[in-house]
Amino acid sequence: MTIDTDLSRPGVLRAGINLGNILLVTGKAANGDPEGVAPSLAGRIADHLGLTVELVPFASPGEVADALADDAWDIALIAEEPERAKTIAFVDAYVEIEATYIVPEASPLKTIADVDAAGVRIAVSDRSAYDLYLSRTLQKAELVRAKGLQGALDLYVTEKLDALAGLRPALKENAADLGGQRILDGRYTAVRQAVGTKPKNAALQAAIAAYLKTAKADGTIAGLLETFGVQEKLSVAGD
């Protein structure tokens, strides 16, 4: 088996990109293609494999995952997560991001553990990696879902919810914009951004796994974080 047999269009690597991750997609090119760490990494992978990259953008990670059923991509750059791994073969994580909460300054919630209590309502972006994680792990608190990061923020504010779940870098910006907020120390998980493929595409999986191992070790991933100015917000994932 060769890589080309794993592609729906020989010679072209279609990469599903989640526009909802504002740390990994930070701009737009003149031709309208997304720019940032994730699109650039997709391009590096394609170049390494001798392929042409075609970026396929989606508004949310859930939409990226769903698009597998429509054969809309060959690789997907979204967070690895057990629920998604039921249908997507995740090759490797390349960066990771801490997930935590913001709460109102006067909130009695002081720690991550405090948030999982009866009566606590948490705004969260629907089907984000941390939504899926919290759905599995919360015992008592209630998740209140909205579409996208802005939707969750709006819900937190308008409904006066107890906490907003999210990635620490984005929550810092939210807290600064809103005022009167606290970011809880620690994390409930670290979201690991990865490259996924169709489970049957063994040759493609092996080739990408080998490339990412080298790219993390030789500074390629770290270099992309610096290029797009997110080196203080993201860290290169461990193996």
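## Largest pocket

A pocket, as the word is used here, is an open set of grid points where a 1.4 Å probe fits, with protein on both sides within 12 Å along at least five of seven lines. The model described is a predicted one. In this model the largest pocket holds about 450 Å³ of space. Its lining is made up of 30 residues, and those closest to the centre of the pocket are Gly20, Asn21, Tyr130, Leu149 and Leu167.

Helices H4 (129-137), H5 (148-158) and H6 (168-178) each supply at least two residues, as do strands S5 (75-79), S9 (163-167) and S11 (189-197). The most comes from H5, which gives 5 residues. Sorted by class, the lining of the largest pocket contains 17 nonpolar residues, 11 polar residues and 2 charged residues.

## Second largest pocket

The second largest pocket has a volume of about 180 Å³. Its lining consists of 13 residues, with Arg168, Pro169, Glu232, Lys233 and Leu234 nearest the centre. Strand S6 (89-104) and helix H6 each provide at least two residues of this lining. H6 gives the most, with 4 residues.

By class, the lining of the second largest pocket has 8 charged, 4 nonpolar and 1 polar residue.

The whole structure contains 18 salt bridges. One of them pairs Glu80 with Arg192, with the closest N and O atoms 2.8 Å apart. Glu80 sits in the loop between S5 and S6, while Arg192 belongs to strand S11; the two are 112 residues apart, and the pair links distant parts of the chain. Glu80 has a relative accessible area of 28% and is partly exposed. Arg192, at 22%, is also partly exposed.

A salt bridge also forms between the side chains of Arg168 and Glu98, at 2.9 Å from N to O. Because Arg168 lies in helix H6 and Glu98 in strand S6, this pair ties together parts that are 70 residues apart in sequence. Arg168 has 16% relative accessibility and counts as buried, because the cut-off for buried is under 20%.

Is Asp131 buried or exposed? At 2% relative accessibility, Asp131 is buried. The side chain of Asp131 meets that of Arg145 in a salt bridge, with an N to O distance of 3.0 Å. Asp131 is in helix H4 and Arg145 is in strand S8 (residues 142-146), so the pair links distant parts of the chain that are 14 residues apart. Arg145 has a relative accessibility of 41% and is partly exposed.

Key: Residues numbered from 1 in each chain as written. Predicted model: local features only at pLDDT ≥ 70, side-chain atom pairs only at ≥ 80, totals over all residues. Heavy atoms only, no water. 1 Å grid on protein atoms, 1.4 Å probe; cavity = no way out; pocket = protein on both sides within 12 Å on 5 of 7 lines; lining within 4 Å. Points joined across faces, edges and corners; volume = space filled by probe spheres on them. Nonpolar A, V, L, I, M, F, W, Y, C, P; charged D, E, K, R; others polar. Salt bridge = Lys/Arg side-chain N within 4 Å of Asp/Glu carboxyl O. Buried < 20%, exposed > 50% of the residue type's maximum accessible area, 1.4 Å probe, protein only.
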